[in-house]
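Subject: Handover of a structure

Dear colleague,

Please find the sequence and structure below.

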Protein chains: 2
Amino acid sequence: MPKIVDHESRRRHIADAVHRLIDARGLDSVSLREVAGEAGMSMGAVQHYVGTKEEMLRLAFQHLNTRIGLRIAALSPDDPLALLRSAILELLPLDEERRFEARIGLAFLARSVVSEDLAAMVRQGMPYVLEFYAGQFRAAQEAGQLGTEHDAEAEAVLLFAFAQGMVHPILVGHYSPQEAERALDHHVARLRA
Amino acid sequence: MPKIVDHESRRRHIADAVHRLIDARGLDSVSLREVAGEAGMSMGAVQHYVGTKEEMLRLAFQHLNTRIGLRIAALSPDDPLALLRSAILELLPLDEERRFEARIGLAFLARSVVSEDLAAMVRQGMPYVLEFYAGQFRAAQEAGQLGTEHDAEAEAVLLFAFAQGMVHPILVGHYSPQEAERALDHHVARLRA
């Protein structure tokens with residue numbers, strides 16, 4: 001099915017162009033015309049995939065989450081606690097790739113508080129993210145790595161909030177990557193079995 | 001010294017106008033001219049206080065932090081743990097006033113990753129914020145409310161990250177105010193003496 005593959009790769013190509021433009025000049029000012037220019041496509045070709053700015057932002061937001069999600073899905077499941085820790089670190093801007101994602105992610109967060117369309121996407125995605133963290137937490141409990149006295153759902157909420165809350169201070173240079181990892185490990189240490 | 005009082009109140013008046021405009025149309029598009037219109041002042045009068053857009057944003061960001069800081073400073077110091085808890089809740093969008101502040105705060109966070117001027121302000125402010133939380137944590141330890149086995153500085157980092165990380169999911173309606181308070185209390189419970 002070469003046609004389907006081509007559509008998916010074009011969507012990614014457009015989304016990557018949107019990401020670069022958001023990073024270069026802010027989310028508010030990115031237009032479909034600029035995206036066409038950045039992607040090296042005609043306006044008509046771009047509009048075949050995204051007809052409006054809201055659709056364009058939705059595609060770009062999905063692509064951002066997919067990028068991060070694919071890296072997390074590629075982590076080894078053999079050690080649930082190591083996977084949980086790595087999955088949290090994938091959200092933090094600890095290298096240039098993740099700094100790029102975090103800058104764009106922050107632009108989307110700011111936009112989502114005034115765009116019901118993006119807010120709905122965040123609300124739809126959150127349960128899956130939290131359930132992933134809770135599931136890994138339970139697996140680590142079953143493997144004897146984390147204490148069974150902890151409530152996996154409640155700890156998932158805290159771990160995800162911790163990760164989200166560290167993003168901005170790392171981005172502006174308040175915490176070094178090492179300090180951020182140390183803070184995470186300080187918290188994880190008390191949850192151990 | 002009526003002149004000094006007047007200058008301070010005019011600064012606040014301008015900053016409030018900037019906040020309303022940021023909330024209405026996003027931070028990127030706010031101009032000094034619009035601020036003058038919103039504040040009911042002449043361009044010249046506004047430029048007496050803020051000459052450039054960067055200065056305007058700096059004033060508005062300081063004012064946002066001052067607003068929140070004054071509420072925290074007004075909390076009763078008699079119960080250090082209650083104060084620590086309340087100080088964290090002052091950062092969360094649990095009512096309309098704090099939702100307004102959180103929306104503007106998020107716009108500033110997003111901007112600060114591309115504005116070195118704002119990033120520097122964040123970096124300068126962070127040690128004071130973290131030291132305030134650590135100081136309250138130590139006071140609660142001395143009052144026998146929190147366990148002395150916890151490192152106050154490390155816990156302050158986690159508590160502040162937790163608060164920052166809860167802001168956006170509350171704003172978009174993923175967590176209710178009650179759920180957010182419950183998550184905080186779940187974490188605080190394990191730190192008790």
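Two residues are taken to be in contact if their C-beta atoms, placed from the backbone, lie within 7 Å. On the interface, 100% of the interface residues of chain A are also interface residues in chain B, so the copies meet through the same surface.

This is a predicted model, in which local features need pLDDT of at least 70 and side-chain atom pairs count only at pLDDT 80 or more, while totals for chains, interfaces and linings use all residues. Residues are numbered from 1 along each chain as its sequence is written, and chains are lettered from A and ligands numbered from 1 in the order in which they are written.

Between the chains, A:Ala183, A:His186 and A:His187 in α9(A) meet B:Ala154, B:Val157 and B:Leu158 in α8(B). Helices here are DSSP runs (H or I, at least four residues), numbered from the N terminus. The axes of α9 (residues 177–191) of chain A and α8 (residues 152–171) of chain B come within 10 Å and cross at roughly 100° (lines fitted to C-alpha atoms over the stretch in contact, with angles from 0 to 180 degrees between N-to-C directions). The helices α9(A) and α8(B) are therefore roughly perpendicular to each other (65 to 115 degrees).

Yours sincerely

Key
Helix = DSSP H or I, 4+ residues; strand = E, 2+ residues; numbered from the N terminus. Parallel < 35°, antiparallel > 145°, perpendicular 65-115°, else oblique.
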